[in-house]
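Thanks for sending this one over. Here are my notes, written to be read with the structure open beside you.

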Amino acid sequence: MDLLVKPSAKIMEETKVRGQLLRILEDLPVVQMAVQCVSKIELSISCNNLLDKDVGSKSDPLCVLLQSVGDDKWTEVERTERVKNCQDPEFSTKLHIDYYFEKVQKLKFGVYDIDNKSVDLKDDDFLGGFECTLGQIVSSRKITRPLQLKATKPAGKGTITITADEVKDNRAIVMEVEAKNLDKKDLFGKSDPFLEFFKQEEDGKWQLIHRTEVIKNNLNPSWKKFTVSLHTFCGGDLNKPIKVHCFDYDSDGSHDLIGVFQTNVSDLQKAVNGSPVEFECIHPEKQKKKKSYKNSGIIRIKYCKLEAQYSFLDYVMGGCQINFTVGIDFTGSNGDPRSPDSLHFISPNGVNQYLSAIWSVGQVVQDYDSDKLFPAFGFGAQIPPNFQVSHEFPLNFNPNSPYCQGVQGIVEAYRIALPQVRLYGPTNFSPIINHVARIAAGAAQQPNAAQYFVLLIITDGEITDLDQTRQSIVNCSKLPMSIIIVGVGEADFKAMEILDGDSGVLKSVSGEPAVRDIVQFVPFKQFASAPKEALAQSVLAEVPNQLVSYFKMRNLLPVNPPPPTK
């Protein structure tokens with residue numbers, strides 16, 4: 001379950017792939033090509049009304065992009081060209097940077113007047129700078145901000161405009177394949193066929209790009225429709241050679257070759273309007289030995305079409321708002337907040353594990369919510385004035401408006417609520433999950449991809465209403481929603497690992513499976529000595545793919561989809 005994406009599989013010899021991967025995937029022969037959710041962002045820069053530092057001419061500006069590496073240290077990413085004699089430059093050189101949703105990527109743009117050939121900018125006049133996060137740029141797609149010479153000193157009327165675009169080919173190939181009259185390979189049955197697709201690399205080697213599922217005991221199989229990115233399938237080259245192997249599956253990995261054929265995407269695309277494209281499945285050895293040999297069956301491409309595949313950035317930059325809600329565990333097992341042993345005890349430097357988790361995750365997510373108003377709730381406490389137990393109370397004690405202004409607002413509401421409530425129990429998750437689900441269900445009625453919801457639950461112990469929570473999560477898997485659970489303290493969090501679908505599809509007590517994996521659980525103690533960004537990177541790593549999977553499941557395009565790219 002580890003977002004956002006793991007590096008693409010290395011090129012492997014086809015025999016090695018069959019021998020090793022298929023033995024591993026004996027009961028699950030479908031290969032899922034994992035990818036790491038890192039996107040390449042292209043930034044276009046322009047400025048207006050720059051300061052004039054040259055005597056007798058205008059400035060010769062250049063823009064440099066720096067990225068924070070922590071401890072107030074910055075490293076240069078890229079720089080534009082120098083535009084001579086211009087106070088309103090539009091730089092033709094684009095700046096490129098890798099984008100990670102789960103990280104707060106602090107950027108600094110500096111504009112300099114370049115009057116020499118030196119690469120060092122220390123001897124050039126500074127025309128102004130601007131600091132922000134990459135998330136702020138991506139979520140707005142285009143921003144214009146004033147340049148500053150220092151923290152409170154504007155650079156005259158100078159402004160900088162930054163426009164973000166994702167660099168990619170957003171097309172995918174969607175195919176549906178069947179076969180007719182395949183050779184019988186099994187002694188006491190028919191064949192158990194599956195297909196492997198390979199693309200030819202520049203060095204002539206063949207790289208595995210897709211494997212279908214196995215269809216048991218069938219000489220006329222019809223495989224499930226599948227989608228592969230065009231970049232993965234053929235590198236965007238519609239004439240690149242594609243080789244398809246048809247195998248009879250054997251549990252020991254020694255799969256028997258039924259036959260092979262070769263094609264390309266251009267030919268595959270001819271399968272349109274109910275007219276399939278057919279290929280003879282040829283076994284090379286049989287062809288050599290038998291003069292009467294014709295083929296080992298027919299592979300039919302029933303459907304092949306190139307379609308746009310929208311990414312997380314397409315949805316966010318196209319207008320999707322990510323709504324962030326926090327749920328905080330106020331059960332008695334946390335300990336008396338006045339005691340240094342309590343998980344709710346606020347240390348002299350003003351932090352505890354709850355606050356650290358709120359800051360870490362909230363600082364990333366807040367860039368994707370335009371109004372920065374976040375509902376924040378507590379559960380498992382007796383609350384004033386009557387001190388009845390509540391499993392869903394607003395931290396600000398205002399049920400009509402449970403919103404906090406930004407992450408700082410959540411922190412302040414938590415600090416104010418803590419001395420006013422009595423920690424109690426039990427630890428019930430379902431009420432707050434159902435609360436967010438009701439709002440998400442309303443958004444799901446809209447025929448667009450405008451809203452997505454992320455619920456952060458911070459808890460110290462074993463969940464009490466596990467069965468109800470499982471049902472709630474299964475229900476939420478059908479909604480535009482993700483759930484992040486951070487476990488604080490030293491408790492046993494085995495139940496949380498059940499909710500996190502890493503070990504298999506989560507099911508309700510009645511056996512209903514979740515249609516999407518929407519839960520990510522991490523224990524805070526694993527990040528006690530890690531950099532402060534590490535927790536957010538871990539818990540948010542899957543949100544982009546979860547968001548895309550929901551809108552794809554609903555066949556919803558971005559509100560403002562980008563033009564098709566190639």
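1. **The overall picture.** Please keep in mind that this is a predicted model. The protein has 566 residues, and 52% of them are buried. Its secondary structure comes to 13 helices and 26 strands. Along the principal axes, the C-alpha trace spans about 85 × 75 × 40 Å.

2. The largest nonpolar core has 117 residues. The residues with the most contacts inside that core are Leu43, Phe109, Phe330, Ile433, Met481, Val486 and Leu540. As general background, nonpolar side chains in soluble globular proteins tend to be buried together.

3. **Helix H12 and its cover.** Helix H12 runs over residues 533-540, and its buried residues are Ala534, Leu535, Ala536, Val539 and Leu540. What lies over them? The cover includes helix H7 (353-365) and helix H13 (543-553), along with strand E25 (481-487) and strand E26 (519-523).

4. **H7 against H12.** The axes of H7 and H12 come within 8 Å and cross at roughly 65°, and the crossing is right-handed. On the H7 side, the residues that meet H12 are Ala357, Ser360, Val361, Val364 and Val365. Their partners in H12 are Leu535, Ala536, Val539 and Leu540.

5. **H7 against H8.** H7 also packs on helix H8 (residues 406-417), with axes that come within 9 Å and cross at roughly 160°. Angles over 145 degrees count as roughly antiparallel, and H7 and H8 therefore run roughly antiparallel to each other. The contact uses Tyr354, Leu355, Ile358, Trp359, Gly362 and Gln363 of H7. From H8 come Val407, Gln408, Ile410, Val411, Tyr414 and Arg415. This crossing, too, is right-handed.

6. **H9 against H10.** Helix H9 (residues 430-444) packs on H10 at an angle of about 15°, with the two axes 9 Å apart. That makes the pair roughly parallel. The crossing of H9 and H10 is left-handed. Ser430, Ile433, Asn434 and Ala437 in H9 meet Gln468, Thr469, Ser472, Ile473 and Cys476 in H10.

7. **Ser472.** Ser472 lies in helix H10, which covers residues 466-476. Is Ser472 buried or exposed? Ser472 is buried, because its relative accessible area is 5% and the cut-off for buried is under 20%. Leaving aside neighbours within four places in sequence, Ser472 is in contact with Ser430, Ile433 and Asn434.

8. **Thr325.** Thr325 is in strand E17 and is buried, with a relative accessible area of 6%. Setting aside neighbours within four places in sequence, its contacts are Pro375, Phe377, Val436, Val454, Leu455 and Leu456. Tyr403 is 78 residues from Thr325 along the chain, and their C-alpha atoms are separated by 9.0 Å.

9. **Asp336.** Asp336 lies in the loop between strand E17 (321-329) and H7. Its relative accessibility is 36%, so Asp336 counts as partly exposed. Asp336 and Leu423 are 87 residues apart in sequence, yet their C-alpha atoms are 7.7 Å apart in space.

10. **Cysteines.** How many disulfides does the model have? The count comes to 0. Take Cys246: the closest cysteine sulfur, in Cys281, is 4.7 Å from its own sulfur, which is too far for a bond, because a disulfide needs the two sulfur atoms within 2.5 Å. Cys246 is buried, with a relative accessible area of 1%. Cys404 also counts as buried, at 3% relative accessibility.

Key. Residues are numbered from 1 along each chain as its sequence is written. This is a predicted model: local features need pLDDT of at least 70, side-chain atom pairs count only at pLDDT 80 or more; totals for chains, interfaces and linings use all residues. Side-chain values use heavy atoms; hydrogens and water are left out. Buried means under 20% relative accessible area, exposed over 50%, partly exposed in between (1.4 Å probe, protein chains only). Helices (H or I, at least four residues) and strands (E, at least two) are DSSP runs, numbered from the N terminus. Contact means heavy atoms within 4.5 Å. A nonpolar core is a set of buried Ala, Val, Leu, Ile, Met, Phe, Trp, Tyr and Cys residues joined through side-chain atoms within 4.5 Å. Axes are lines fitted to C-alpha atoms, for helices over the stretch in contact, and angles run from 0 to 180 degrees between N-to-C directions. Angles under 35 degrees count as roughly parallel, over 145 as roughly antiparallel, 65 to 115 as roughly perpendicular and the rest as oblique. A crossing is left-handed if the near helix is turned anticlockwise from the far one by less than a right angle, and right-handed if clockwise.
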